[in-house]
Structures are given as structure tokens and as C-alpha cells.
Amino acid sequence: MTREFWKRTEPLDQAELARLLPAPSASRMPLDRQLLLEEYLLNEFRTTAPATAPTPAPTAAKRPLRRALLIAVPATAAALTAVVAVNVLAGEVGAPRLGSASVEAPVVPVEEGSTLQLVSTVQQIAAAASTQRIPEPKPGQYIYIKSKVSYLSQSLDADNDESRTWVQPLHQREIWKSPDALSGWLDEPGYVPEGGIGLGNDNPHAKPVNGKDIPGEALTLSYDWLKARPTDPEALLNGIYKTVSGPRDRDQQAFETIKAIVNEQLVPAPNAAALYRAAARIPGVVVVQNSQDAAGRAGLALARLDEKTGERIELVFDRESFAYLGSRGIQVKPAHGIKPGTVTERTAVLERAVVDTLKERPAPGRTA
């Protein structure tokens with residue numbers, strides 16, 4: 001079909017547009033963050049409050065910032081559409097609450113990773129993981145994870161191609177998950193509705209497709225799924241590869257899937273050892289001798305660079321005990337106005353436990 005686009009004489013052919021546009025990439029974002037972002041954006045349509053996020057001083061010749069990258073990872077296609085809608089239709093809205101107290105992103109020296117000690121380092125990490133005593137959640141109980149986190153946000157002046165990079169201040173995040181991941185709760189003060197929000201079937205926006213599956217729910221990352229995986233590293237890695245899809249680098253997706261599991265899941269000792277050995281089998285994984293989690297705890301890291309985005313994801317381990325501490329994201333190559341050395345993500349796992357009821361916090365000494 002020949003169309004004179006500049007005359008706009010024909011109605012848009014939606015099917016043709018779908019063929020021309022690239023397929024949406026697979027989401028790196030956990031379900032709870034997808035739901036929170038979508039819910040927040042829906043709420044933004046109902047508010048007229050001006051943005052409080054720090055932005056460059058405006059001038060008479062500039063239009064308001066037209067786009068805000070709210071977090072360091074891509075959202076679902078629906079959420080991403082909502083982001084564009086909010087910022088284009090209500091330019092004064094800018095970044096949402098999750099960026100309202102943002103601070104300048106820290107910048108650290110970029111240390112080059114190496115594969116020279118990869119095998120020996122992973123052996124030590126796996127050996128330490130295999131000796132951990134992990135409580136087993138029973139039906140009706142919940143896995144509790146308490147973390148300290150900070151994620152990237154970026155404001156962009158599209159007219160002048162100028163951007164500023166910010167990060168959320170470090171803040172607390174608590175999550176409860178049933179072993180099958182069908183029920184849960186998230187409390188992240190200042191970043192979710194007051195009191196928290198339900199996950200899975202407990203989320204008011206959850207709409208089962210066939211009575212079982214929740215759209216976007218990563219059931220493959222549940223405790224039950226993980227416990228049923230083989231403890232052979234190669235077989236486990238093959239299973240992880242089957243959970244990823246889309247045009248993004250499959251190796252990077254697999255590495256980030258492992259990060260998602262160890263950040264907010266209770267991992268049985270044999271599976272944990274296999275998981276770290278599986279991570280070492282992913283092409284491009286290196287050891288970084290000096291890293292740090294969100295709590296300021298220093299350690300070494302298993303890391304992988306996403307060549308397309310220039311961001312390196314690091315899984316940080318204690319240098320003596322080889323226990324997992326948290327994760328860090330660092331921009332290694334300049335991209336989208338983000339300078340090398342910029343810390344794009346920080347997490348620290350503070351507590352893991354099994355509790356009897358939703359929103360129950362563990363008593364002292366009950367953490368895994």
C-alpha cells in the first residue's frame with residue numbers, strides 16, 4: 001500500500017503499524033514493581049499537584065521536561081505507554097512520587113572485571129550457600145524479605161538533548177510472598193500507597209486469565225518452582241533460559257533473573273549452590289574484586305555487562321563468609337546521558353524469614 005503520510009488522508013492502519021513497530025522486549029521488572037508503577041500512573045491522571053522532583057531551572061525559551069525515565073529497568077508495554085501519556089499530556093507532572101526526594105546519583109570508579117578467579121570464587125560461594133540452614137515455608141506461611149534499595153530515575157529535556165540522572169534515596173522495602181507466589185504484600189513507604197499493596201491474587205487489580213495465571217506474574221520465580229528445579233547447574237541454567245524471552249540479550253536476562261531470585265526469595269541451600277554455579281556458566285560473567293551493597297557492606301561480586309545498555313549488574317558477596325549481601329548496578333559505558341561510574345541501582349538484603357501470616361514481621365533471631 002502506498003500512503004502519503006504527510007497529507008494524513010487515510011485512517012491509520014493499526015495492523016500495519018503493529019508490523020512496523022518492534023516487538024516489546026521482555027520485562028526485567030518484577031510483578032510488584034509493574035503493578036505499583038501502573039497504579040501510580042493511574043493515580044497521577046487524577047491529581048493536579050505539581051511535581052516536586054528536582055529539575056534544571058527552566059528558562060522562557062524551554063518547554064517543560066517531556067519525559068522521565070522513572071526507574072532503571074524497562075516496564076511493561078502498558079506501563080510504558082502510561083508513562084508517555086502522563087508526561088506528554090501533563091508535562092508539569094514530571095517524575096512521580098518515587099523521584100520526589102531524588103538525589104544526585106553517586107559516581108564510583110569503574111573496576112575492570114576478570115574471569116581469572118571466576119571458578120575458584122564461585123566454588124567458595126557455592127560451598128558457603130550449601131551449608132546455610134534455611135527454614136522451609138509450609139502451606140499458608142509467607143516468605144518475608146526486608147531490604148534497603150535505591151533505583152535510578154532520569155529527567156530528559158528532549159528539546160536540548162540534556163539529561164540529569166538522579167537516584168531515589170536509600171529506603172526500606174519489605175515483601176511477603178506465599179511459597180507459590182500467588183499471594184503476597186509489599187510495603188515500601190513513600191513509594192507505594194500508605195500501608196502497602198497486595199501482590200498476586202491479593203492485588204486488587206489482579207485479573208486471572210484462566211483461573212490460575214496472573215498477567216505478568218513470575219510464577220517461575222516462586223519458592224515452589226525453585227525448589228522443584230534440578231540442582232545440576234547446567235540443567236538449572238537451561239530452565240532459567242526457558243523463562244526469558246524477547247529481543248534483549250538472553251544471557252543478560254538469565255543473569256538478571258538469578259539476581260531477582262536471590263534478592264527477594266528464600267532459596268533452599270542445594271538450589272542456592274546450583275544457582276551460583278549456573279550464574280558462572282553464563283557467557284560474560286566476571287569477578288569484580290571490590291563492590292558494595294546498599295547498606296555500605298563491601299565485598300566482591302559476580303557481574304555481567306549489558307553491552308547494549310552499558311550497565312553492569314553486580315551480585316555482591318561478603319569477602320570472608322561468601323554470603324550474598326545485595327546487588328549493585330553501575331554504568332560502565334556512556335549511554336543516554338548516563339556517565340560511566342554512575343551507580344544506577346543499589347540493594348541490600350537485611351532479613352529473610354518465614355512468618356505465619358501476611359504482613360507479620362519476624363521476631364528477633366528468626367531470620368534466615
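**A serine in a loop, then a helix and its neighbours**

Guide: Let us start with Ser178, which counts as buried because its relative accessibility is 9% (buried means under 20% relative accessible area, exposed over 50% and partly exposed in between, with a 1.4 Å probe and protein chains only). Please keep in mind that this is a predicted model, where local features need pLDDT of at least 70, side-chain atom pairs count only at pLDDT 80 or more, and totals for chains, interfaces and linings use all residues. Residues are numbered from 1 along each chain as its sequence is written, and side-chain values use heavy atoms, leaving out hydrogens and water.

Ser178 sits in the loop between strand S5 (171-177) and strand S6 (183-187); helices (H or I, at least four residues) and strands (E, at least two) are DSSP runs numbered from the N terminus. Its side chain makes a polar contact of 2.6 Å with the side chain of Asp180, and reaches the backbone nitrogen of Leu182 at 3.2 Å. Such a contact is a pair of N or O atoms within 3.5 Å; within protein, one must be able to donate a hydrogen and the other to accept it, and residues adjacent in sequence count only if both atoms are side-chain atoms. Leaving aside residues up to four places away in sequence, Ser178 touches Gln141, Tyr142 and Ser183, contact meaning heavy atoms within 4.5 Å.

Now to the helices. Helix H4 (residues 118-130) packs with helix H8 (residues 269-280) at about 165 degrees, their axes 7 Å apart. Axes are lines fitted to C-alpha atoms, for helices over the stretch in contact, and angles run from 0 to 180 degrees between N-to-C directions. That angle makes H4 roughly antiparallel to H8 (over 145 degrees; under 35 is roughly parallel, 65 to 115 roughly perpendicular and the rest oblique). On the H4 side, the contact includes Leu118, Val122 and Ile125, and on the H8 side Ala269, Ala272 and Tyr276 are among the residues.

H8 also meets helix H7 (250-263): their axes come within 10 Å and cross at roughly 155 degrees, making H7 roughly antiparallel to H8. Ile258, Ile261 and Val262 of H7 touch Leu275, Tyr276 and Ala279 of H8.

Finally, in helix H6 (residues 233-241), the buried residues include Pro233, Leu236 and Leu237. The buried residues of H6 pack against helix H5 (223-227), H7 and H8.
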